[in-house]
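This report is a guided reading for someone meeting the structure for the first time. Please keep the sequence and the model in view while reading.

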Amino acid sequence: MARANDLNGKRALVCGASSGIGRATAMALAQKGARVIALARTEARLVGLTDEINAAFPGEAGYVVADLDDRLALQGIIDSLLGEGGPVHILVNNTGGPPPGQLLDATADDLQTAFSRHVLAAHLLITRFLPGMRECSYGRIVNVISTSVREPIPGLGVSNTIRAAMAGFSKTLSHELPGGVTINNVLPGYTDTERLASLGESIADRTGKTLEEILERWVSNVPEGRLGRPEEVAAAVAFLASPDAGYIRGQSLAVDGGRMKSI
Ligand SMILES: NC(=O)c1ccc[n+]([C@@H]2O[C@H](COP(=O)([O-])OP(=O)(O)OC[C@H]3O[C@@H](n4cnc5c(N)ncnc54)[C@H](OP(=O)(O)O)[C@@H]3O)[C@@H](O)[C@H]2O)c1
């Protein structure tokens, strides 16, 4: 693994790092020189990821097993992270997307769980890491959301609702955070991960179509003519985390192969 040095000396917490976009982001930030802490619930996968990074850059990556739904436990984890290794300069807010379904069929609990996992967890992490970012005059917060921020996706009722909340949250913070600390969003399109596979399977179950037919329909709406790769989304996150992106603030960058029609 070749290494660039843009993020030398920077410490990055990547949430939802055990698979898909989060995993690829952890790798991309490590390649740019950051010391990565990978967060998710599945320890075995985090061990695999950090072993891979540390094989290339010894001692540079660590992990924390955490459930973003459990904010009390998260408080303790944040305390130890800040106590052990100093400030966290880069925070990637990324986590599992809500299950598919019509908004009219969702329960209050479904909405509350999603709000808590996405917005409240991000709020806690940001408010706790901000003093360190401010002190270093370097902070980069990148939220992995969805193109549904601009064009809600049929059949993803809870997800559409929560993504819009995250986008409003992020734009608001972009006006509140101090100079040197930016916040931006990356909006993945159809990206080849476990999440996309499980959404495809659930549509297949509901409609009787095959997974191949569903994939074909998805791809037919993408001018690039293929699914995205997690590494392509990760590259956008890593750029927004870099010093070069210091004047980009409060933006939402779609990585969707050109699928969205809105300007
Ligand atoms: N893939 C796409 O096409 C696509 C498109 C638009 C938006 N997105 C969104 O982008 C985000 C990442 O997508 P992905 O495709 O990479 O998903 P993924 O492969 O399902 O990965 C989700 C990650 O979040 C972690 N996670 C889930 N719930 C968690 C919790 N309560 N606490 C801590 N970690 C948790 C998972 O790890 P553990 O299970 O180990 O905790 C996993 O590492 C999701 O919000 C997704 O909806 C994806």
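## The largest pocket

The largest pocket of this predicted model holds about 1,400 Å³ of space. On a 1 Å grid over the protein atoms alone, a pocket is an open set of points with protein on both sides within 12 Å along at least five of seven lines, a cavity is a set of points where a 1.4 Å probe fits but cannot get out, and lining residues have an atom within 4 Å of a point. Grid points are joined across faces, edges and corners, and a volume is the space filled by probe spheres set on the points. The lining of the largest pocket counts 50 residues, and those closest to its centre are Gly-97, Arg-163, Arg-195, Leu-196 and Leu-199.

Two or more lining residues come from each of helix H1 (20–31), strand S2 (35–40), helix H5 (157–176), helix H6 (194–207) and helix H7 (211–220), and H6 gives the most, with 7 residues. Helices (H or I, at least four residues) and strands (E, at least two) are DSSP runs, numbered from the N terminus. By kind, the lining has 18 nonpolar, 19 polar and 13 charged residues, where Ala, Val, Leu, Ile, Met, Phe, Trp, Tyr, Cys and Pro count as nonpolar, Asp, Glu, Lys and Arg as charged, and the others, Gly among them, as polar.

## How the model is read

Residues are numbered from 1 along each chain as its sequence is written. The model is predicted, so that local features need pLDDT of at least 70 and side-chain atom pairs count only at pLDDT 80 or more, while totals for chains, interfaces and linings use all residues, and side-chain values use heavy atoms, with hydrogens and water left out.

## The chain as a whole

The chain has 8 helices and 7 strands, and its C-alpha atoms fill a box of roughly 50 × 40 × 40 Å along the principal axes. Its radius of gyration is 18 Å, which agrees with the value near 18 Å that a compact globule of 263 residues would have; the radius is taken over C-alpha atoms, and the globule rule is 2.2 Å times the number of residues to the power 0.38.

Of the 263 residues, 47% are buried, a word that here means under 20% relative accessible area, with exposed meaning over 50% and partly exposed in between (1.4 Å probe, protein chains only). The chain exposes about 12,200 Å², of which carbon and sulfur atoms supply 53%; accessible areas come from the Shrake-Rupley method with a 1.4 Å probe, and for residues only the protein chains shown count as cover. Among contacts (heavy atoms within 4.5 Å) between residues at least 6 apart in sequence, 77% join residues at least 24 apart.

## The enclosed cavity

The structure also holds 1 cavity of 30 Å³ or more, and the volume of the largest cavity is about 120 Å³. Its lining has 15 residues, with Asn-93, Asn-94, Thr-95, His-118 and Met-166 nearest the centre. Helix H4 (108–136), strand S5 (139–144) and H5 each supply at least two residues of this lining, and the largest share, 5 residues, comes from H4. The lining of the largest cavity divides into 8 nonpolar, 5 polar and 2 charged residues.

Val-158 is found in helix H5 and counts as buried because its relative accessibility is 6%. Beyond its neighbours within four places in sequence, Val-158 is in contact with Pro-98, Leu-103, Ala-106, Asp-110, Leu-111 and Ala-114. Ser-159, also placed in helix H5, is buried at 2% relative accessibility, and, with neighbours within four places again left aside, Ser-159 is in contact with Pro-98 and Arg-195.

Glu-201 has its place in helix H6 and counts as partly exposed, at 43% relative accessibility.

Ser-137 lies in the loop between H4 and S5, where it counts as exposed at 51% relative accessibility. Its phi is near 55 degrees, a positive value in a residue other than glycine.

In helix H8 (residues 230–240), the buried residues are Pro-230, Val-233, Ala-234, Ala-236, Val-237, Ala-238 and Leu-240. These buried residues pack against H1, strand S4 (90–93), S5, strand S6 (181–188) and strand S7 (252–255).
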